[in-house]
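Here is a guided walk through a structure. Keep the view open and follow along.

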Amino acid sequence: MSTQTSDLQATATAIETPPQRQLTYVKAFNEGVAQMMRTDPDVFLVGEDVAGYGGVFHMFDGLKNEFGARRVVDTPISEAAIIGLGVGAAARGLRPICDLMFMDFLGVCMDQVVNQAAKMKYMYGGTVSVPLTITTAGGAGVGASAQHSQSLEAWLAHVPGLKVAMPSDAYDAKGLIVAAIRDDNPTIVVLNKLLLGAKSHVPEELYAIPFGQAKIVRPGRDVTVVAIGRMVTEARAAAELLAAEGIEVEVVDPRTVQPLDTATIVESARRTNRVLVVHEAVTFGGIGAEIAAQIQDEAFDYLDAPVLRVGAPFSPVPFSPVLEKAYVPDAQRILAGCRRLLERG
Amino acid sequence: MSLTQDGLQFTADRDLLIDLHRRMVRIRLFEEAAGRLMESGAMPGFLHLYVGQEAVAAGVMSTLRDSDQITSTHRGHGHAVAKGANFRQMFAELYGKSTGYCHGRGGSMHINDLEIGMLGANGIVGGGIPIAVGAAFASVYRQDGGVAAAFFGDGGSNIGSFHEAANMAAVLNLPVLLVCENNGYAEFTAQADHMKIKDVADRAAGYGIPGVIVDGMDAVAVHQTTLAAVERARAGEGPTLIEAKTYRFYDHQGVKGLRIPYRSQDEVDIWKARDPITMLERRAIDEGLMQQAECTAMWETTHAEVADAIAFAEASPEPDAADLLQDVYTS
């Protein structure tokens, strides 16, 4: 059979039984935003270069053309005013999406996020809701160095009033941004820069992934790895390697770190009796510390080993590719963490 | 002078003067009672009193509709009262009671009521300015003809959020009033020690918007200046920075404050001689537009309303600790 015939046959098969649609993470996210803008005229987008340029990672490509300058608005480089604009418009019932490009830029608008958006509902006695969505990108591994690579989700998860989503694949990128836009609270959706081109099955229809519902990405009986954001990919790779040795790793993706689905994590811990928590953020004071503490509160008697953590060392993200590789947690470090757990008891 | 505008009709000077007088007297008596109650220990927390600056809130608010939104400051009682907030819920909130505007969750610095366009006082200097820009954005988005006013002080005009918000409002051409109440002090630091310019209004030039200066002790002047800015904003001509030169009769915090001699008694006396309420009453009576008896009646009825609100607040139930976690999130 010639190559040409084979190709034709493959095409014919595809038409008869379409394979599951594969989309990249960034396109899935874009589709979620576009579908919400089509559905709800109160949804609009503001940020630096979101209109003309389509967003720094092209996550907003095409939106200006479809929805026009009224709903897709380029702004000055003024993060405090961008988020503040969103807070004010959200308090008046609109559903703004404010883009923050890089998660590191939280540093220049933290008052609006933490003191304004997060607290309005409570400090104003429940009379005001702030259905604001902040989109941003975190994570290292792209040579962006100390001020464009951080994973600061623990800052946000620590503040009552905020919700924080960390999509780990294309399916979740769409489902979580849709849920975020629909949510009546300030939410932050943290994309991961290294995942932007990662493909997975993404249904065409509009769907939302509820916040606070973890996903068991891979079932297993021997060790639970709770992995955040891109670390889900690394955890799955580590699980594959260990599976070859007959060790079955359960990978749990919390999907949102605020709210945190403690129940699913604890249930897994009670079955496997060993837990490793993995995130890209520095280990000290990271969300992993909270997860470990909650597991010990609720599953202490089931544990055969202390809950271990794998995260970044306590330093800024370095630039040199060699140093950055040494800095960012990967499958090998997760695998080593699993071995340490298995050596116990 | 004949002043007519949408929402509020001032067909004659007299109507305007009565309106401004009422707003100012209400602020003055609310604040003096609040200060006394806090310093006597009857009320918890601490207060930033608005006494002395009444002409600014009254003058600005007299140009706005209920649906126009304002964002306020840590010194926000005056803005709330002038925007139409009711004394009972305000005092109850200052007492931390469940019947307060924020059900005891917010206190003095977080009075809000969207129904009357009070988008919130704010404990963070400058924090409300970008939020007013957002409220104005919402008005343009919905084409509801609304404007938004952001209040801040001379001190607040030094913080980044002011500059970002002013530029954003300008470049997006939003219906925003940037109202600087220049009372000469950033807490305890004199203006000359915290900025190199004399007029905050000069900063407008940096954003390509008009900057106007008005006597912040003259409620009529504030009204007229603001009215022009509101008309401009409603006509789609963008934001205006209004600098009202005014003065804080009491301290940064409370009535007696910290008793730190950061300003001279002479200076305080000079400004107190220009008490905005006394000036307005004198003018109204001299011009034959109001009677002394009317002025007195306003003070008396407001005194009674304050007393009623304090009694209401004191008799109101405390919040239930079981509800502590309520309203952290919208469910």
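**A walk through two chains**

In strand 5 of chain A, A:Cys98 has A:Ile134 as its bridge partner. This is a predicted model.

The strands on either side of the pair come next. Strand 4 of chain A covers residues 95-102. Strand 4 pairs with strand 5 of chain A in the parallel sense, over four bridges. Both belong to an open sheet of seven strands in chain A. Read across it, the order is 3-2-4-5-7-6-12. The pairing in this sheet is mixed. Which strands stand at the edges? They are strand 3 (72-74) and strand 12 (256-258) of chain A, and each pairs on one side only. Neighbouring strands in this sheet are turned against each other by 20 degrees on average, direction ignored.

Now look at what covers this sheet. Helix 4 of chain A lies across strand 2 (43-47), strand 4 and strand 5 of chain A. The helix runs at about 165 degrees to strand 4 of chain A.

Helix 4 also has a helix partner. Two packed helices are described by the angle between their axes and the distance between the axes. Helix 4 of chain A (residues 79-91) packs with helix 5 of chain A (residues 110-117) at an angle of about 30 degrees. Their axes are 8 Å apart. Angles under 35 degrees count as roughly parallel, and helix 4 and helix 5 of chain A are therefore roughly parallel to each other. On the helix 4 side of chain A, the contact is made by A:Ala80, A:Ile83, A:Gly84 and A:Val87. Helix 5 of chain A brings A:Asp111, A:Gln112, A:Val113, A:Gln116 and A:Ala117. By class, this contact has five nonpolar, three polar and one charged residues.

Stay with helix 5 of chain A. Which of its residues are buried? They are A:Asp111, A:Gln112, A:Val113, A:Gln116 and A:Ala117. What do these buried residues pack against? Within chain A, they pack against helix 4, helix 6 (120-123) and strand 5 (133-138). They also pack against helix 5 of chain B. That leads across to the other chain.

How many residues of chain B are in contact with chain A? There are 33, and they meet 33 residues of chain A. Helix 5 (129-142) and helix 6 (160-171) of chain B each supply at least two residues of the side that touches chain A. Helix 5 of chain B gives the largest share of that side, with nine residues. By class, the side of chain B that touches chain A has 18 nonpolar, twelve polar and three charged residues.

Return to chain A for its other sheet described here. Five strands form this open sheet, in the order 9-11-10-13-14. Its pairing is mixed. Strand 9 (215-218) and strand 14 (308-312) of chain A stand at the edges. Each has a single partner strand, so one side of each is left without a neighbour in the sheet. Neighbouring strands are turned by 25 degrees against each other on average, direction ignored. Inside the sheet, strand 10 (residues 223-227) and strand 13 (residues 275-282) of chain A run parallel, joined by four bridges. A:Thr224 stands opposite A:Val275 in strand 13 of chain A.

Helices lie across this sheet too. Helix 11 of chain A (residues 287-299) lies across strand 10, strand 13 and strand 14 of chain A. Helix 11 runs at about 160 degrees to strand 13 of chain A. Helix 13 of chain A (residues 331-343) lies across strand 10, strand 11 (249-253), strand 13 and strand 14 of chain A. Helix 13 runs at about 160 degrees to strand 14 of chain A.

Step back to view each chain whole. Chain A has 13 helices and 14 strands. Its radius of gyration is 21 Å, close to the 20 Å that the globule rule gives for 345 residues, so chain A is as compact as a globular protein of that length. Buried residues make up 54% of chain A.

Chain B has eleven helices and nine strands. In chain B, 55% of the residues count as buried.

Methods. Residues are numbered from 1 along each chain as its sequence is written. Chains are lettered from A and ligands numbered from 1 in the order in which they are written. This is a predicted model: local features need pLDDT of at least 70, side-chain atom pairs count only at pLDDT 80 or more; totals for chains, interfaces and linings use all residues. Two residues are in contact if their C-beta atoms, placed from the backbone, lie within 7 Å. Ala, Val, Leu, Ile, Met, Phe, Trp, Tyr, Cys and Pro count as nonpolar, Asp, Glu, Lys and Arg as charged, and the others, Gly among them, as polar. Two strands pair if DSSP finds at least two bridges between them. Axes are lines fitted to C-alpha atoms, for helices over the stretch in contact, and angles run from 0 to 180 degrees between N-to-C directions. The radius of gyration is taken over C-alpha atoms; the globule rule is 2.2 Å times the number of residues to the power 0.38. A residue is buried if 20 or more other C-beta atoms lie within 10 Å of its own, exposed if 12 or fewer, and partly exposed in between; C-beta atoms are placed from the backbone. Angles under 35 degrees count as roughly parallel, over 145 as roughly antiparallel, 65 to 115 as roughly perpendicular and the rest as oblique.
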